[in-house]
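Subject: Structure for you to look at

Hi,

Here is the structure I promised. Please open it alongside this note. My findings follow below.

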Amino acid sequence: MATRPERDTVLHSWTVQARWDAPTVVGASGAYFVLADGRRILDFSSQSECSNLGHQHPAVVAAIKAQADRLCYIANAWGAEPRAALADRLLERSGFQGGRVFFTLGGADANEHAVKFARLARGLPLGRVFTRDRSYHGATYATMALSGDARSGDAARPAAYGVEHVPPPYAYRCPWDSRDAEDCGRRAAEYVTQRIKAHGAAQVAAVLMEPNAGTNGIVAPDSYWPALRAGTRAHGVLLIADEVMSGFGRCGEWFAWQRYGDAGRPDVMTLAKGLTGAHLPLGAVVLSAEVAAALEHEMLQTGLTYCGHPLSCAAGLAAVEAYAAEDLITRSRTLGREMFTTLQLLQERHRVIGEVRGGHGLFAVVELVRDRATREPLAPWPQLAPALAALLRDALDAGVSLAARGNLLLLAPPLIIEERALADTLGLLDRLLARHFPSRS
Ligand SMILES: Cc1ncc(COP(=O)(O)O)c(C=O)c1O
């Protein structure tokens with residue numbers, strides 16, 4: 001019996017089903033994937049900012065095959081070699097010696113568990129958690145509540161989950177009307193401290209945020225995270241860094257908070273995406289020694305059937321080794337700086353570019369505006385501007401897959417991208433901006 005077309009049988013995420021008509025991908029290698037019609041497409045978003053090692057990394061694929069031959073699955077009640085080895089490497093890389101790692105299946109469940117553990121460690125089962133407006137932490141109910149994401153709307157009420165959203169350190173549109181980015185960052189951090197004081201620190205379990213670059217297009221000024229760390233520490237509130245997207249080189253460090261050294265060290269961090277370079281699903285919650293000690297004699301009333309799945313952990317272990325062996329964190333930092341400099345040149349040529357953010361690693365946000373003076377967005381957030389959608393279609397026709405959200409272009413190629421392909425794509429972007437926004441170029 002012939003297989004029916006996917007558009008008739010699969011419920012696809014983040015889309016209107018009736019409009020879904022994407023081509024089928026039949027293979028991939030390095031920074032490229034291949035469509036059923038034979039076209040080779042450069043992946044300039046690393047899918048969902050997760051294929052950091054490129055596709056089909058040979059060492060990761062080999063590790064999965066070798067583990068599959070030995071032991072595909074064993075539950076968490078038993079030990080598993082790749083699980084132990086990966087936890088050890090993560091604690092070593094993050095400098096969380098003496099801590100512990102809880103493995104999940106992805107980013108959302110990592111964030112949910114981080115909050116559970118923070119509340120348990122603080123002895124506050126219903127303790128308040130602060131997160132930001134315009135943030136994304138996952139699509140399960142609890143993480144929808146944690147997320148300050150316009151797309152979730154009222155589907156999950158933050159208050160019902162003990163969550164309170166605070167304004168983001170969005171310096172280009174500073175909630176405090178400051179025109180100085182660092183000042184805006186400091187005010188955003190100070191606001192969190194004020195809210196902790198207003199509730200009383202004894203009622204607040206944790207603050208959960210991304211350290212600098214966020215998937216919803218905000219890149220916090222450098223003043224932000226260290227000030228947030230200082231404020232939370234002063235009140236004994238746990239700081240959870242959501243490193244699901246920003247980890248594993250995306251922001252030019254193993255983990256984005258490391259940009260700030262020990263002044264940025266969180267109490268807990270969550271990982272997924274780049275953890276296996278998306279070769280298999282895996283997430284993790286990494287606990288500091290202090291938080292781990294607080295849980296040491298507690299009964300942990302939680303778990304998922306596939307926590308610490310040996311195949312995923314073997315993929316994670318090989319991925320961590322590949323980042324180190326190929327020096328990909330440094331590569332991301334160097335190429336990220338180059339990409340950022342070129343984007344700033346594009347900003348000089350195209351008035352539609354209001355701001356370019358990021359550049360700590362291979363992650364940059366290009367914010368498009370109708371008018372530079374008023375900063376009016378190209379389309380009201382989070383709607384995708386039609387001209388931007390047309391630009392994406394033309395890029396795909398030219399063999400490059402670009403990602404956009406609202407009025408933002410998100411550039412996040414795999415860390416293994418060749419310099420030539422990076423330069424060619426930025427040249428293509430230059431031509432497409434001139435084509436689609438001629439009056440603003
Ligand atoms: C910052 C951040 N946190 C959490 C998530 C959720 O991860 P997952 O889709 O693996 O559940 C994402 C996914 O895009 C993310 O970008």
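This is a predicted model: local features need pLDDT of at least 70, side-chain atom pairs count only at pLDDT 80 or more; totals for chains, interfaces and linings use all residues.

Start with what covers helix α8: the cover over its buried residues includes α7 (181–199), β7 (204–209) and β8 (238–242). Of the 11 residues of α8 (residues 224–234), 8 are buried, so the helix is largely enclosed by the rest of the structure. The buried ones are Y224, W225, P226, A227, L228, R229, G231 and T232. Just after α8 comes G236, with a positive phi of about 70 degrees.

Next, the domains. The protein splits into domain 1 (6–56 + 327–440) and domain 2 (59–325). Their C-alpha centres are 25 Å apart. Contacts link 30 residues of domain 1 with 27 residues of domain 2. On the domain 1 side, at least two residues each come from α2 (46–49), α11 (328–349), β11 (353–358), β12 (364–371) and β16 (408–411). Helix α11 gives the largest share, 5 residues. By class, that side of domain 1 has 13 nonpolar, 10 polar and 7 charged residues.

Now the core. The largest nonpolar core holds 126 residues. I240, V268, A284 and V286 have the most contacts inside it. Helix α10 (residues 310–325) supplies the largest share of this core, 10 residues. Both domains take part: domain 1 and domain 2 each put in at least three residues. As a general point, nonpolar side chains tend to be buried together in soluble globular proteins.

What does A284 touch, leaving out residues up to four places away in sequence? Its contacts are L90, V101, F102, F103, T104, A110, L271 and L275.

On to the ligand. There are 14 residues around it, and G106, G107, A108, T215 and V244 come nearest. Helix α5 (residues 107–122) gives the most to this shell, with 3 residues. The shell has 5 nonpolar, 7 polar and 2 charged residues.

Last, a sheet. Four strands form an open sheet in the order β1-β2-β3-β14, with mixed pairing. β1 (25–29) and β14 (400–401) stand at the edges with a single partner strand each, so one side of each has no neighbour in the sheet. Strands β2 (residues 32–35) and β3 (residues 40–43) run antiparallel and are joined by 3 bridges.

Best wishes

Key. Residues are numbered from 1 along each chain as its sequence is written. A nonpolar core is a set of buried Ala, Val, Leu, Ile, Met, Phe, Trp, Tyr and Cys residues joined through C-beta atoms within 7 Å. A residue is buried if 20 or more other C-beta atoms lie within 10 Å of its own, exposed if 12 or fewer, and partly exposed in between; C-beta atoms are placed from the backbone. Domain bounds come from an automatic or database domain assignment. Two residues are in contact if their C-beta atoms, placed from the backbone, lie within 7 Å. A residue is near a molecule or strand if its C-beta atom, placed from the backbone, lies within 6 Å of it. Ala, Val, Leu, Ile, Met, Phe, Trp, Tyr, Cys and Pro count as nonpolar, Asp, Glu, Lys and Arg as charged, and the others, Gly among them, as polar. Two strands pair if DSSP finds at least two bridges between them.
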